[in-house]
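Hi,

Here is the structure I said I would pass on. Have a look at it first, and then read my notes on pockets and rings below.

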Amino acid sequence: MKTSAPHIVSAFEDALKRLKSAIVQMAGAAETQIDQALICLAQRNPELAREIVESDARLDSFEHDIEAHCMRLLALRQPVADDLREVIAALKIAGNLERIGDHAANTAKRAVAIFSLPDSGSMAGLPQLGRLVRERLSAVIDAYVDNDGEAALRIWRTDDEVDALYTSLVAEVERSALAAQDQFTAHMHLMMIAKNLERIGDHATNIAEVVYFVSTGQTLLEERPKADHSYDPVG
């Protein structure tokens, strides 16, 4: 009597591949959101900002579809061990990518609000911070695709680079705000932009933890490196 086990296993593997592909597509959409937010920051373009905010719904849709896919796999396949880690990882990564999209959209909205603020030292570091967190996200998704726990660990251990740059930016904005107190609101928007970009870096680090767990089956027990000692305006 023939058994259907090989067919069942193959179907489950295909489902996991589709799930991973969906995560990669969602990550690509999140990376595009960041890229467009940085362009908006440079151009202070209200039309582009509106497009970015509207396209954020695409990431929400990705997350809902991935959650539904994961729920079906958990209910119908009851995965264990490595397969269970893959499904749980997809849920966690999708959640972090959705939040990254939110922060990118918030960055775009606030970029338009600082049109009255002239270019200054307080502005100069924002694109650098944006590029840094964008590179970290791209690198951690590559680690996810390659199932590379060591690469994920390296990314996780450099979280303090983002924090250090963010702290430096906050100090620069504070100095600029003191010198131009009539532009307090614009400087607060700058502070919030910096915080949103720093949060994107945090979510990339969260994904690195997940990738490390999927690859090794172990959680990171050491304390996350931090170099941010600034006040958190986002909460």
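**Rings and pockets**

Searching the whole structure turned up 0 aromatic pairs. Keep in mind that this is a predicted model.

Rings do come up in another way, though. Lysine 20 lies over the face of tyrosine 144, with 4.9 Å to the ring centre. Arginine 85 has its charged end over the ring of phenylalanine 213, and the distance to the centre of that ring is 5.9 Å.

Lysine 20 also turns up in the pocket search. Which residues lie nearest the centre of the largest pocket? They are Leu16, Lys20, Asp82, Asp83 and Glu86, out of 14 lining residues. Two or more residues of that lining come from each of α1 (5–43), α3 (81–113) and α7 (184–216). The space inside is about 200 Å³. Sorted by class, the lining has 7 charged residues, 5 nonpolar and 2 polar.

The second largest pocket comes in at about 170 Å³. Here α3 and α7 each give at least two residues to the lining. Phe213, the ring under arginine 85, is one of the lining residues.

Cheers

Note on methods. Residues are numbered from 1 along each chain as its sequence is written. This is a predicted model: local features need pLDDT of at least 70, side-chain atom pairs count only at pLDDT 80 or more; totals for chains, interfaces and linings use all residues. Side-chain values use heavy atoms; hydrogens and water are left out. On a 1 Å grid over the protein atoms alone, a cavity is a set of points where a 1.4 Å probe fits but cannot get out, and a pocket is an open set with protein on both sides within 12 Å along at least five of seven lines; lining residues have an atom within 4 Å of a point. Grid points are joined across faces, edges and corners, and a volume is the space filled by probe spheres set on the points. Helices (H or I, at least four residues) and strands (E, at least two) are DSSP runs, numbered from the N terminus. Ala, Val, Leu, Ile, Met, Phe, Trp, Tyr, Cys and Pro count as nonpolar, Asp, Glu, Lys and Arg as charged, and the others, Gly among them, as polar. Rings of Phe, Tyr and Trp (its six-membered ring) pair if their centres lie within 6.5 Å; planes under 30 degrees apart count as stacked, over 60 as edge-to-face and the rest as tilted. A charge sits over a ring if NZ of Lys or CZ of Arg is within 6 Å of the ring centre and within 35 degrees of the ring normal.
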